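User: Could you walk me through how to read a helix and its surroundings in a model like this?

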Amino acid sequence: MKCGANRLERTGACGVNGIHIAKYYLHPFEEPCISFKNGSGTIFFTGCNLRCVFCQNYEVSRAKRGKALSAKELADIFKELEDRGAENISLVTPSHLTSYLLPAFELYKPKIPVVYNSSGYDDLKSLALIDPFIDIYLPDLKFVSPALSKRYTGREDYFEHAEQAIRFMAKKPLKMTTEGKMLSGLVVRHLVMPLGVKNAVDVLKWFKEALPETAYLSLMSQYTPFGEIENFPELKRPVTAREYNAVVQAAFDLNIERLFIQQRSSSGEKYIPAWDY
Ligand code: SF4
């Protein structure tokens, strides 16, 4: 890993040294083309290489929760979710674990699409290794400004990495069923933040200029004050309707046609999953 840790000996910046998960279940509330009818077979991995101060899954990203799994146990979960009717297998926060995920895919390659749901802070070499097992990319694009990413994650180079990673992900061809279930493709998510309209519009402009028309954009309104935000007064409130609507209008103005928008009632701690491990 680029943080320099030998994870055979200790944990790295991501907080783990192997596969740990906090929950797996059929998630009904992802974008409609992802959850579709039966729900997305979502697996939440412990640890994260980005460590946003406002993390909505704080206990999991900081490795305070989670159960260790072998590659075989993870492969069994792929199979179990598939048998329960999952529309796909969704790997949530997998970026720091690609080298551990490959053996699980070698043991069992799901017959349903596999979704890679990351922060966008991905390494191109790791992506190239896991890409043959991935059908759908579902990355965040959180920040364009290095100053903002430094403020909220400590990483000035977030956009530099995310931009390259998402351009790579955009090579996945778009395939949808006639009923609207995604089989292959790219959905870029942006969580609109308090005082975040300018950053969001910069994200939209980049999305429009850099990505092919086959890419989808998902504008999320569900920001909930959570995590290590004591020293960030602007983060202690939800996003207002005025802020979110301004970003949606900007997406319309830019003619972004493949667009998901979210009900503003989708925010609040009740939408943070109850962790199982
Ligand atoms: S919000 Fe996402 S990227 Fe940021 S720390 Fe949490 S899991 Fe990681």
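Analyst: Gladly. Helices (H or I, at least four residues) and strands (E, at least two) are DSSP runs, numbered from the N terminus. Ala-251, for instance, lies in helix H9. Residues are numbered from 1 along each chain as its sequence is written. This is a predicted model, where local features need pLDDT of at least 70, side-chain atom pairs count only at pLDDT 80 or more, and totals for chains, interfaces and linings use all residues.

User: Is Ala-251 buried or exposed, and why?

Analyst: A residue is buried if 20 or more other C-beta atoms lie within 10 Å of its own, exposed if 12 or fewer, and partly exposed in between, with C-beta atoms placed from the backbone. Ala-251 counts as buried because it has 21 C-beta neighbours inside 10 Å.

User: Which residues is Ala-251 in contact with, beyond its neighbours within four places in sequence?

Analyst: Two residues are in contact if their C-beta atoms, placed from the backbone, lie within 7 Å. With those sequence neighbours set aside, Ala-251 touches Leu-204, Leu-217, Leu-219, Ile-256 and Leu-259.

User: How do I read the sides of H9?

Analyst: Start with the general idea: an α-helix has 3.6 residues a turn, so residues three or four places apart point the same way. In H9, the buried residues are Tyr-244, Val-247 and Ala-251. They cover an arc of only 60 degrees around the axis (the arc of the directions from the helix axis to the C-beta atoms), which puts them on the same side of H9. The face turned away from that buried side carries the exposed residues Ala-241, Arg-242, Gln-249, Phe-252 and Asp-253.

User: What do the buried residues of H9 pack against?

Analyst: Their partners are helix H8 (197-210), strand S9 (216-220) and strand S10 (259-261).

User: How many residues does H9 have, and what span is expected?

Analyst: The expected span of a helix is 1.5 Å times one less than its number of residues. H9 (residues 241-253) has 13 residues and reaches 18 Å from its first C-alpha to its last, close to the 18 Å expected. After H9 comes Asn-255, with a positive phi near 60 degrees.
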